[in-house]
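Hi everyone, thanks for coming. Have a look at the structure on the screen, and then I'll walk you through some of its ring pairs.

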Amino acid sequence: TAGKPSLSPSNPCPLTSQPKTPTLHMPGARRQGISTAFATRPFAQARILFQEQRAEDYIPDVLRLLTEDGELDEVLKLGAGFFGKSAPAKCTSELEADLALRHRKARTASDFTASIVEDYLLPGSDGRIGARALQKRKDQVYRLLHSDDAQARALWDQWTEKSAPSRFLLQNFPSV
């Protein structure tokens, strides 16, 4: 039978033979044949970097990160208030206005959340989050003002809060 593999006890058919019984390992036990070198397990290196050679305060830092809300958590908490209802037409803060505009534009809750994380995750050069979101809104107003829309220019000239482009857009151009 040239060209056909032979079946024998040392070479059983994988389709019809009993599966090999897996070797069970105790949790935390070191498994043979698994390397912990960086080339095959990059997360081991990342874990060491994350600990930053400060084993004494590593666990408290991790617990603090897991249990304390940061600025992004506060933004997401405010954004969660938009689910199941329409965004308000008037907002008391620039952040609320930005979230209202995002809510109106998002097709799904996932789109809404992703847009928040994209623009609010990294802090700006001043250490505050939302710098990217604010810049995007300023660019949006700039493009609107430099179009041939004389009404937009007049509205912006009357707008007293030049540092609140999201509120301007929401109040005057809710379809943006």
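Let's start with a definition: rings of Phe, Tyr and Trp (its six-membered ring) pair if their centres lie within 6.5 Å, and planes under 30 degrees apart count as stacked, over 60 as edge-to-face and the rest as tilted. A search of the whole structure finds 3 aromatic pairs. One of them is Phe82 with Phe112, edge-to-face, at 6.3 Å centre to centre and 75° between the planes. Phe82 lies in the loop between helix H3 (71–80) and helix H4 (94–105), and Phe112 is in helix H5 (residues 109–120), so this pair ties together parts 30 residues apart in sequence. Helices, by the way, are DSSP runs of H or I with at least four residues, numbered from the N terminus.

A quick word on the source: this is a predicted model, where local features need pLDDT of at least 70 and side-chain atom pairs count only at pLDDT 80 or more, while totals for chains, interfaces and linings use all residues. Residues are numbered from 1 along each chain as its sequence is written, and side-chain values use heavy atoms, leaving out hydrogens and water.

Buried or exposed: which is Phe112? Buried means under 20% relative accessible area, exposed over 50%, and partly exposed in between (1.4 Å probe, protein chains only). Phe112 has 2% relative accessibility, so Phe112 counts as buried. At 6%, Phe82 counts as buried too.

Next, the rings of Trp156 and Phe168 have centres 4.8 Å apart and planes at 80°, so they are edge-to-face. Trp156 sits in helix H7 (residues 150–158) and Phe168 in helix H8 (residues 165–172). Both are buried.

Note on methods. Helices (H or I, at least four residues) and strands (E, at least two) are DSSP runs, numbered from the N terminus.
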